[in-house]
Amino acid sequence: MIWNKKYECMPRQELETLQLKRLKEVTQRVYQSVPFYKQKFKERGVYPDDINSLKDLDKLPFTTKSELREGYPFGLFASPLKEIVEFHTSSGTTGKPVVDGYTHKDIITWSEVTARCLSCAGATAKDIIHNAYGYGLFTGGLGIHYGARLIGAKTIPISGGQTTRQVMMMQDFKSTILTCTPSYALHIAEVAKEMGIDLRKLPLRVGVLGAEPWSENMRKEIESRLGITALDIYGLTEIIGPGVAQECPEKNGLHIFEDHFLPEIINPETGEILGEGEEGELVLTTLTREGTTLIRYRTGDISRINYQPCRCGRTLARIEKIKGRIDDMLIIRGVNIFPSQIEDVLMRIEEAEPHYQLILERKKGLDELTVELETSAAIFSDEVRKVEELEKKIAQEIEETLGLRVGVRLVEPKTIQRSMGKAKRLIDKRKLK
Amino acid sequence: MKVKQISVFLENKIGRLAEITKILGDKEINIRALSIADTAEFGILRMIVSQPEETYSILEKSGFTVLEAEVIVVEVADKPGGLAQILEIIAKANLNLEYLYAFVSPKGRNALVVLKVEKPSEAIELLTRKKVKILTMREIEKL
């Protein structure tokens with residue numbers, strides 16, 4: 001299902017013409033109305049008139065998360081406060097949160113892009129959307145809500161938590177689409193099983209899952225446990241919330257809505273723009289936002305970009321499933337590693353439970369990573385030797401795949417905390433100054 | 001005449017074993033024999049209980065990882081060389097002995113030994129032929 005064929009299937013040349021027109025407008029606007037950008041442009045010696053092709057993008061300065069924090073709360077808005085109709089913020093576990101202010105038109109844009117996401121995953125007006133993303137300041141709940149309403153689907157605005165009730169309603173309301181984080185989808189499956197309800201037999205058929213990095217093997221696990229097609233959705237509060245990019249059933253990258261968000265991949269260390277297919281940090285420029293308008297925002301997410309048209313009919317570029325956030329990258333004894341890469345190896349172990357946690361400790365000056373995995377009857381043995389062999393096998397697979405020696409410890413079931421939203425995969429016990 | 005043994009995965013944490021024995025005690029399940037194999041990180045509790053099926057489901061519902069395995073319980077004369085005689089039979093048949101643990105019957109004079117062997121059916125046949133007394137589940141329940 002393609003929600004907006006005109007833009008989603010636009011020939012590249014036409015799309016680039018549109019992008020350039022919008023980029024010119026947006027640079028003009030931020031220069032005029034956001035003192036922060038005016039100063040940044042001046043410092044770099046660049047002016048809106050210097051933008052004459054998309055290639056001129058690299059003349060513009062980057063925007064970073066810490067700059068957004070400094071602008072807290074309304075410092076970076078590109079529209080006067082009287083035109084703002086809604087606020088959202090990042091979770092902001094450390095320091096001040098990042099604020100996104102939406103004008104009325106921004107909310108219309110947001111509805112449009114999340115409607116595209118849901119359609120891309122197969123949603124129509126007939127669907128019953130079980131929206132278990134958190135409602136509130138977090139963008140997940142309302143973002144999906146707006147898109148679902150535009151499509152005319154029936155939304156259950158259930159938000160996160162009270163999982164037993166979620167399962168009951170899913171069964172009674174005959175929900176067809178689940179929207180939540182991948183880790184919460186797994187938790188719903190676990191609770192349903194305890195309640196004696198087989199989700200695979202319910203009408204639920206698609207999951208639009210996002211807000212945290214998840215691996216390909218985690219997808220398989222979710223699909224088999226819930227009996228659904230699990231598709232990835234991407235977005236971030238700073239840009240708009242969910243609705244920046246969406247995976248189609250081809251499961252080969254996420255279509256980025258380029259008429260609204262202009263993507264680049266850069267080398268996170270040098271800032272140099274990388275070519276198609278090269279891995280680096282995703283940078284986004286909002287082309288149509290009014291409230292919060294960002295130029296070359298460094299998302300901190302690691303991905304790569306593919307401009308080949310997709311079999312689904314969309315001409316929009318695709319970003320590869322996010323590998324992780326630069327902030328989440330662990331450097332352990334010189335090896336760079338993302339938690340999602342370890343997850344991918346763990347989920348390859350036949351019948352392993354998808355509940356794991358990484359513990360990082362410093363022992364005698366060396367960082368050591370221990371993977372804790374919950375046991376299940378399927379992998380447990382009454383013989384010590386076999387349990388130890390399993391631990392060794394997991395450690396070996398991780399070492400062979402990722403080149404890092406880790407400890408593996410099996411733990412009792414349900415001892416790893418379940419998440420209603422974004423899962424906390426890493427416990428850092430290092431005592432750093 | 002295989003007997004069902006229940007094993008449970010235990011992290012080395014204070015009070016876990018107490019918790020299990022309390023759960024079973026509350027349900028009036030009798031533990032006939034018990035052994036713990038432990039490493040620095042975890043332990044495996046193995047038990048012969050009066051109602052194995054019930055024990056399995058209670059412990060699973062209480063959130064433990066539980067496994068059912070088939071073992072052989074033999075009677076061993078309580079005298080020097082009693083156990084050796086049995087182990088010799090198993091070794092001669094080239095059957096792998098995974099582990100064993102012993103307990104004493106409150107009624108009899110003999111020791112009871114739980115054996116986990118590689119091919120239990122073969123071992124039973126062999127031991128029966130050598131006139132070793134093998135206990136049935138019913139006999140264990142009556143102990």
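Me: What makes α8(A) stand out in the lining of the second largest pocket?
Reply: Quick note first: this is a predicted model. In the lining of the second largest pocket, α8(A) gives the largest share, 6 residues. Along with α8 (182–194), α9 (216–226) of chain A and α2 (52–61) of chain B each supply at least two residues. The pocket's volume is about 860 Å³. Of its 29 lining residues, the closest to the centre are A:E190, A:K193, A:R225, A:E353 and A:K414.

Me: How do you know which lining residues of that second largest pocket count as charged?
Reply: Asp, Glu, Lys and Arg count as charged. Sorted that way, the lining of the second largest pocket has 13 charged residues, next to 10 nonpolar and 6 polar.

Me: Why is the other hole called a cavity and not a pocket?
Reply: A cavity is a set of points where a 1.4 Å probe fits but cannot get out, whereas a pocket is an open set. The search of the whole structure finds 1 cavity of 30 Å³ or more. The largest cavity has a volume of about 70 Å³, and its lining includes A:L68, A:Y72, A:P73 and A:T292. By class, that lining has 7 nonpolar residues, 2 polar and no charged.

Me: What makes the bond between A:Y72 and A:P73 worth a look?
Reply: Most peptide bonds are trans. The one joining A:Y72 and A:P73 is cis, with omega about -5 degrees. You'll find A:P73 in the loop between α4 (65–70) and β1 (84–89) of chain A.

Me: What is there to notice about phi in A:K174 and A:K414?
Reply: Most residues other than glycine have a negative phi. A:K174 has a positive phi, near 55 degrees, and sits in the loop between α7 (163–172) and β5 (177–180) of chain A. A:K414 isn't a glycine either, and its phi is positive at about 60 degrees. Look for A:K414 in the loop between β20 and β21 (426–428) of chain A.

Me: Why is the pair B:K116 and A:D382 called a salt bridge?
Reply: The rule wants a side-chain nitrogen of Lys or Arg within 4 Å of a carboxyl oxygen of Asp or Glu. For B:K116 and A:D382, the closest N and O atoms are 3.0 Å apart, so the pair qualifies. Between chain A and chain B the count is 5 salt bridges.

Me: And how do you know that A:R311 and A:E250 make one too?
Reply: Same test: their closest N and O atoms are 3.1 Å apart, and the cut-off is 4 Å, so this is a salt bridge. The two are 61 residues apart and link distant parts of the chain. A:R311 is in the loop between β13 (305–306) and β14 (318–319), and A:E250 in the loop between β8 (241–247) and β9 (254–256) of chain A. Over all chains, the structure holds 54 salt bridges.

Me: How is the size of the interface between chain A and chain B given?
Reply: Interface size is often given as the accessible area lost when the parts come together. Here the buried area is about 1700 Å², with 57% from carbon and sulfur atoms. A:F380, A:D382 and A:E412 supply 44% of the area that chain A buries against chain B, more than any other three residues. The contact takes 18 residues from chain A and 24 residues from chain B.

Terms used:
Residues numbered from 1 in each chain as written. Chains lettered and ligands numbered in written order. Predicted model: local features only at pLDDT ≥ 70, side-chain atom pairs only at ≥ 80, totals over all residues. Heavy atoms only, no water. 1 Å grid on protein atoms, 1.4 Å probe; cavity = no way out; pocket = protein on both sides within 12 Å on 5 of 7 lines; lining within 4 Å. Points joined across faces, edges and corners; volume = space filled by probe spheres on them. Helix = DSSP H or I, 4+ residues; strand = E, 2+ residues; numbered from the N terminus. Contact = heavy atoms within 4.5 Å. Buried area = accessible area lost by both parts, 1.4 Å probe.
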